[in-house]
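Biologist: I'm new to this one. Can you show me the model and walk me through it?

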Amino acid sequence: MTRTEVGSSPVLDSEVFRTIASLRERFEAVLGGEIHRVRGRLRNMSSDQEDVVESLSRSIIEKVLQAPVAMLLNTAAANQSAFVVETVRRIFNLRT
């Protein structure tokens, strides 16, 4: 999607994409923390099983992020991103 396709300013476009990146980083940090937290209980798992757990976790993150990411991209396309970006940042306590 280009700036001309979304019809908004480059500043808002970059804010949308930075917010999406921050959202993904937040979820990845949660995933990493939870895997680290339970790693002791997962000691008996093979590396293949650990890969499956990590793959499952990443798949869940992608599914959970689908709606917020789509909303952010759609609002950028409708030139309404400033309010939604701020709302998403507040809800997920993202750095600006």
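Modeller: First, a term: buried means under 20% relative accessible area, exposed over 50%, partly exposed in between (1.4 Å probe, protein chains only). This is a predicted model, where local features need pLDDT of at least 70, side-chain atom pairs count only at pLDDT 80 or more, and totals for chains, interfaces and linings use all residues. Residues are numbered from 1 along each chain as its sequence is written, and side-chain values use heavy atoms, leaving out hydrogens and water.

Biologist: Which residues are buried in helix H4?

Modeller: Ser 81, Val 84, Val 85, Val 88 and Arg 89, within residues 81–91. They sit on the same side of H4 because they cover an arc of only 135 degrees around the axis. That arc is taken from the directions from the helix axis to the C-beta atoms. Helices here are DSSP runs (H or I, at least four residues), numbered from the N terminus.

Biologist: What does the face turned away carry?

Modeller: Exposed residues: Phe 83, Arg 90 and Ile 91. Just after H4, Asn 93 has a positive phi of about 50 degrees.

Biologist: New topic. Where is confidence lowest, and where highest?

Modeller: Lowest in helix H1 (residues 3–6), with a mean of 40, and highest in H3, at 90. The score is pLDDT, the predictor's confidence in each residue, from 0 to 100. The protein's mean is 83, and 86% of its residues reach 70 or more.

Biologist: Is Val 64 buried, partly exposed or exposed?

Modeller: Val 64 counts as partly exposed because its relative accessibility is 44%. Val 64 lies in H3, residues 47–77.

Notes: Helices (H or I, at least four residues) and strands (E, at least two) are DSSP runs, numbered from the N terminus.
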